[in-house]
Amino acid sequence: MEELVGLREGSSGNPVTLQELWGPCPRVRRGIRGGLEWLKQKLFHVGEDWYFLMTLGVLMALISYAMNFVVGRVVQAHKWLYREIGDSHLLRYLSWTVYPVALISFSSGFSQSITPFSGGSGIPELKTILSGVVLDDYLDIKNFGAKVVGLSCTLATGSTIFLGKVGPFVHLSAMMAAYLGRVRTKTIGEPENKSEQNEMLVAGAAVGVATVFAAPFSGVLFSIEVMSSHFSVWDYWRGFFAATCGAFMFRLLAVFNSEQETITSLYKTSFRVDIPFDLPEIFFFVVLGAICGIMSCAYLFCQRIFLGFLKTNWVLSKLLATSKPLYSALAALVLASITYPPGVGRFMASRLSMEQHLETLFDNNSWALMTWNSSPPWPTEPDPQNLWFEWHHPRFTVLGILAFFLVMKFWMLILATTIPIPSGCFLPMFIYGAAIGRLLGEAISVAFPEGIVAGGVTNPIMPGGYALAGAAAFSGAVTHSISTALLVFELTGQIVHALPVLMAVLAANAITQSCQPSFYDGTIIVRKLPYLPWIRGRNIGSHRVIVEHFMNCAVTTLAKDMPLEEVVKVVTSADVAEYPLVESTESQILVGIVRRAQLVQALQAEPSSWAPGHQRCLQDILAGGCPTEPVTLKLSPETSLHQAHNLFELLNLQSLFVTSRGRAVGFVSWVELEKAISNLTNPPAPK
């Protein structure tokens, strides 16, 4: 029923509803409504993006801190249970293994039962979305709760399963950014815009990293490097503003909870500031980068091979398809049994948390020199003042413990990343790289116990600096990013090793990027997600290959003078989303695009035109109201593969028509581009 309207007596203003006219306090309510409208206009006058980006950063910081708080309490409960259960090896083994097995099983079952999109890292799918592909329900807010609960259970297993939260938290931030973007469009009354949605997603990725490590600078740079090949400068301030709000709120909560006295870095170090390293040590840092590059290539290759084995092995593939919680429980049982402290775990520092792993590996002192003449006993419980004792055993040297840790964690991390749970791999890679650097630093300190003489001055070797460089180099090589060099400085609060760390990261990336795809690109390849591959290197000749060599010439055109009977045949035989519209059958001059759905609707609206004897053509349907779209961008047969690839990546395109002197001669889609790039990188064998 329509509302009745009227005017007040003696009033010449706008009509008002009778409910407002006769309601209580009409003047007050009108004043409040006007005040709210004025406030809305003033707030959004400076740009509504500021408020939604600030909300995104603050919300994700609250969620990240709350998750860390809950996970910390659960991990403490597990340690208390293991410590208080008694001296029975059976009970201690059960308390060590059943706890993570139950959490991992629940994480897998709960998250997969809510939505299958909550498993894994989430960054490969997000890269696919930012490239222009639509993945249904992946960014739906209903997946948010499943991912939060599943990730919390994963992190509560501690260093037993050895997984992190960076990737899933980037996914969570992207989901929140997409939701806030929809709220924004409804609030200001604008239609949904694909480019604005991508802007919010890029900012969400930066917030995801910033609220995990309290590192806004590296968070923005990491999102630029990993998420997309082309980055709009317009998104730069959005990412920095949202990431800064998130990082500030994340560290401020620690101060409010009396965990810190003020806002500081997560992993404080005390490296020498006057002479942190000698000039000859630059060579060892470059060697460390090369070692990390080679190790990352080996890891990426083995990880991708093992994922392929899981898909081809009928037992494991069936288990993953029908009983994901069972596979997760079995994998968790294997990992937990190996890390059992009285067993093999005592040689892997398994009693330390992942944060304590980093704190000890960044230690300034050389453990090998400290245990050179004296061998402290392996403590029954971790000593908070001497956590580095966990990396020492009376029967083995520090170098042997670190080497054993690297060998075991290599395959254990590959196994852990196959578990279908919300989990990330960046922090484990970070710790693994720190262990590589620590091993090399300890070896150098043993080779030069007094230090390296440079300029008549001898300074002792600091293995912690090599651990810092190794963490940045290995994690950067695995993810194909340079921003990890900045991340280690934001994490530790010291920048004295800026030059050697950057040189190590560059050396590692130079080796890995020339040999293997990144961890996220490899996941895209194995899962066969629709993603356009990069053109790596200049020696593959992408500039010499032109569109004419690989375009699809089987293009179905619709001419304006085409009879409707032939139009119906084309529409019913070729199920494509759009058809190129040409001026005439003879000229084939491309003039526009006709959407199939709209054309079918127009044909169904005039059934009499289908009858024999009516020589009506497509032009009559177009004149009757069937809309057409102009061709704003097209390729030439002489366009190089490199140029076509850049256009598809920059504009997030799915297909383009090819014209020669205005005539439609073919089209190029992702399929043709992928095949052309594949033929360049892996030329087919000559027949």
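"Buried" means under 20% relative accessible area, "exposed" means over 50%, and "partly exposed" is in between (1.4 Å probe, protein chains only). This is a predicted model, so keep in mind that local features need pLDDT of at least 70, side-chain atom pairs count only at pLDDT 80 or more, and totals for chains, interfaces and linings use all residues. Residues are numbered from 1 along each chain as its sequence is written, and side-chain values use heavy atoms, with hydrogens and water left out.

Helix α17 covers residues 426-447 and reaches 32 Å from its first C-alpha to its last, close to the 32 Å expected at 1.5 Å a residue. That expected span is 1.5 Å times one less than the number of residues in the helix. Helices here are DSSP runs of H or I with at least four residues, strands are runs of E with at least two, and both are numbered from the N terminus.

Helix α9 (residues 216-227) has 12 residues and reaches 16 Å, close to the 16 Å expected. Nine of its 12 residues are buried, so α9 is largely enclosed by the rest of the structure too. The buried residues of α9 include Pro-216, Gly-219, Phe-222 and Met-227.

## The whole chain

Now zoom out. The protein chain holds 27 helices and nine strands. Of its 687 residues, 51% are buried. Its accessible surface comes to about 31,900 Å², and 62% of that belongs to carbon and sulfur atoms; such areas come from the Shrake-Rupley method with a 1.4 Å probe, and for residues only the protein chains shown count as cover.

What about contacts, meaning heavy atoms within 4.5 Å? Among contacts with a separation of 6 or more, 73% are between residues 24 or more positions apart.

## Transmembrane regions in the record

An unreviewed UniProt entry places the feature "transmembrane region" at several stretches, among them residues 50-70, 201-224 and 396-417. UniProt positions are given in the numbering used here, feature names are shortened, and annotations may be inferred rather than shown by experiment.

In the model, residues 50-70 are 100% helix and 0% strand, with end C-alpha atoms 30 Å apart. Residues 396-417 are 91% helix and 0% strand, and their end C-alpha atoms lie 30 Å apart.

Is Thr-211 buried or exposed? Thr-211 has 0% relative accessibility, so it counts as buried. You'll find Thr-211 in helix α8 (residues 194-213). A polar atom of its side chain lies 2.7 Å from the backbone oxygen of Val-207, and one lies 3.5 Å from the backbone oxygen of Gly-208. A polar contact is a pair of N or O atoms within 3.5 Å; within protein, one must be able to donate a hydrogen and the other to accept it, and residues adjacent in sequence count only if both atoms are side-chain atoms. Leaving aside neighbours within four places in sequence, the contacts of Thr-211 include Gly-57, Ser-64, Phe-169 and Phe-250.

Thr-371 sits in the loop between α15 (367-370) and α16 (398-417). Thr-371 counts as buried because its relative accessibility is 15%. Not counting residues up to four places away in sequence, Thr-371 touches Pro-376, Trp-388, His-392 and Val-398. Thr-371 and Val-398 are 27 residues apart along the chain, yet their C-alpha atoms are separated by 8.3 Å.

## Two loop residues with positive phi

His-480 has a phi near 55°, a positive value in a residue other than glycine. His-480 lies in the loop between α18 (463-479) and α19 (484-492), and it is buried, with a relative accessible area of 10%.

Lys-528 also has a phi near 55°, in the loop between α21 (519-527) and α22 (547-550). Lys-528 is exposed, with a relative accessible area of 73%.

## Strands that pair up

Strands of a sheet pair through backbone hydrogen bonds, either parallel or antiparallel. Here, two strands pair if DSSP finds at least two bridges between them. Three strands form an open sheet with mixed pairing, in the order β5-β6-β7. Its edge strands are β5 (558-559) and β7 (590-595), each pairing on one side only. Strand β6 (residues 578-582) runs antiparallel to β7, joined by five bridges.

Strands β8 (residues 655-660) and β9 (residues 663-669) are also antiparallel, with six bridges. Ser-660 has Arg-663 in β9 as its bridge partner. This hairpin has two residues between the strands, and Arg-661 takes a positive phi near 55°.

How values were computed
Contact = heavy atoms within 4.5 Å.
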